[in-house]
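Have your viewer ready and follow along.

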Amino acid sequence: MITGGRSLITSSPAFSNDAKKLLVCTGNTISIFSTSTGLQIAELEGHKGLVTSVVVVPSTSPAGKILCYCWTASEDGTIKYWDFSVPELIRSIDVQFPIHSMVIPGLSLQPTESSEKPSDLFAYASIRVLKEQQGESNASWCQIRKCNLTKSTLVGGVTLAESQKNTLSITLSSTGRYMGICDKRKLRIWEIPAKDSDQAVLKKIRLHHTKALSTLAFHPTDRIVAAGDVTGRILIWRGVGDHSFSSGNKQRGGLMKDIEEKPGVRGEDDADSCTTRHWHSAEVKVLFFSSDGAYLYSGGKEGVLVVWQLDTGKRKFLPRIGSPLLYFTISSDPSLASISCADNRIYLLKMPSMEVLRSIQGIKLRSTVLDMSDGSSEGIVFDSAAGLVAVCSENYCIQFYSLFNDREVSEVQVCERSHQPADEVTVIVDLVALSPEGSIMITVETRFAEEGIGGLVSLKFWSCSSSNKDFSLSTVVYEPHRDSGVSSIAFHPLRHMAVTTSHGADFKVWVGSQEMQQKDRMHHAGWTCHSVGSYKKKAMTAAAFSGDGSVLAVAAERVITLWDPAKNILVATVGDSLEPISWLAFIGKSEYIVTTSQGSNAQVSVWSMSKLCVSWSYRLKIEAVTCAMDDSSFAILVLLPKSVGYGATTPGGDGVILLFSAGDPVPVASWFVRKAKGASLAFIRGSPKSEDDGRSVQLLLAYLNVDHEYVLFDPFDSHTHIHKISRGNLADVEETGKFGYASIYGDLPEFSLERKQVPSITSVPSGRYWETLFSGPSHNLPPLTKLCSTFLESLLQKRSSAVE
């Protein structure tokens, strides 16, 4: 089995001390990427839950930049200490509570004198606990707790903050002196003592605002705090904590400033002034000061990185990023930074010019704006022959992602439009379909009407002649079904023919025009409408071709109509289902058709074309169906009762995959899965690598859940083993520079067990051998067992003749 497709944006990444590696939280693991190539070079495995924080141990000297140690926290309730140059787990601490955020101030503070005993190392973590509350049992609360990493225990009785919010994200200043959280409409800020201990009391202040706050940042040198709110405003407080945090509560000029002398500061907040900057139209998600404190970086839903000059308020921008911004991370190298975006991409930037050097791209999440269209939207399709999945993203692109290599192959821009927030979307790509060989793609693009004017549906045909999926636009058809949208698309298995159906009670058959050969490549001049069909003015909801392409099946609400696609003649009609048919397909090259329907009487049915009746059916809530290409097998993804709102579910997951043979209602096999709501299913031809080994090509089953984590496995083999794959051969993409031991002492000589061993000494050499026996470097000396016997023999007098 093969797994992949993890999220790169669950939490903020971290750079190594030499800025040559980027550590990214990816599910239950930490993936390490090379910043020079953008490829994965290593992985830290050991957590059993989602990894939520990664903290790299900073170097205290230039020579210490080669050290590669980090702390990680996870929802499995553990904190782990790693050497990520090996990689190797060194230590694990179990705090027994899910951890959502963690900072370690002691790593950033200046080290104490070497004569002093090193103090304990403490972490501050945002954890989730269950508390009994009046009227509620086991209510969930989020707390900020203190953990002694040296003693591997939570500090008892120390709870810095408590809230019923889902999470409290902790922000730490670059110096390690201050940390803070956003709690509704206020900031909570603590001062970390220079020498922390279990009994240390942290000084704290609060800063208030009229709107809910979403993020904050600390100035690297001055007592300046910036915070962003949900309306897009940025507030900058200066002189924060001058009275509460200063030794002896020092007051400027010997007098406490009056409220009138603190412009913009609310109430008795401990700050000298508060100014507001406003450019963003929606919630501010990213806020970060430059290393010298002269600039402030901000970003959010607009997909634009804004750079503010702190003293003057002047701005410059990095526009057209194409997705909302989530995290901004700087490295020890002032010329390198990263931006994490909501489309599961991380950009590496050259600073201060903000030039994009390269990107790390994961599989994109399904577009949320597809929910604005009708229930027929299909945002994910599979290229079974090439082992690819095509995902429709929010920036009007189709991403082609390799399931075998866990890497993006290409991206097709369907609509040339800048990124728009979801509440302002006027155009969506709501249908995608690929031909069986993967050389033709059809997309449906819908433009919403504004005040009842300007609505438009566009049907686009794309052609591709290369394996890297570089599609080019071939034909555009506006309003293919008059005023109705397109409900489904199906391709002919052998010819350049496709069919589109519509709720406007018709379907259309499209054919590719005369093919022209140019420079050993097939070029399709365009597509035209071949015929139009309808049945009793009923909505056409789904369509499929038979395995040989001789029959076209079209669902007309509850009835299956069979057509001759070449002559556009109605051949037969089949049955009457309980609910309108939402999906249908021929099962391989067999005589059976499988259909699904939704609603209160949702079911899956198998129809026999030889008998023109239903063969068998089940009343099940179906989420996805896939049919084998050359076999009579098909698989369905069933939602278990809890995910559809009926009751409890099984411990194995919220969905089950059932494998059937067309003529048998008894499942051949079943697998319980998680995150089944919104998931996809497809049969994939085995990796071409299997042919090089002399084995036949396997037929794999791909399961892609709602978070776009996927697994590929052989559904006909009960002896399968899960193994994770990463982006390419990690050993091949490792950088050529020396690290760790080799960077200090050089490469070690190669050792082979077959190497001829040094023979033992069989005779005593002449002369005073013991005088030079221990001369030379210690690592070149022979083993002690050889040295001892030889040395002792050299001290004894050897008899020259035998005793008579």
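Tyr478 belongs to strand β37, which covers residues 472-478. Please keep in mind that the model you are looking at is predicted. Is Tyr478 buried or exposed? Its relative accessibility is 54%, so Tyr478 counts as exposed, the cut-off for that label being over 50%.

From here, let's turn to the cysteines. Cys397 has a relative accessibility of 1% and therefore counts as buried, since buried means under 20%. Which cysteine has the sulfur closest to that of Cys397? That would be Cys392, but the two sulfurs are 9.0 Å apart, so they are too far from each other for a bond. A disulfide here calls for a pair of cysteine sulfur atoms within 2.5 Å, and by this rule the count is 0 disulfides. Cys142 is another one to look up: with a relative accessible area of 0%, Cys142 is buried.

Now zoom out to the whole protein chain. The chain has 804 residues, and 50% of them count as buried. Its secondary structure comes to 59 strands and 4 helices. How does the chain connect with itself? Among contacts with a separation of 6 or more, 47% join residues 24 or more positions apart.

Methods
Residues are numbered from 1 along each chain as its sequence is written. This is a predicted model: local features need pLDDT of at least 70, side-chain atom pairs count only at pLDDT 80 or more; totals for chains, interfaces and linings use all residues. Side-chain values use heavy atoms; hydrogens and water are left out. Buried means under 20% relative accessible area, exposed over 50%, partly exposed in between (1.4 Å probe, protein chains only). Helices (H or I, at least four residues) and strands (E, at least two) are DSSP runs, numbered from the N terminus. Contact means heavy atoms within 4.5 Å.
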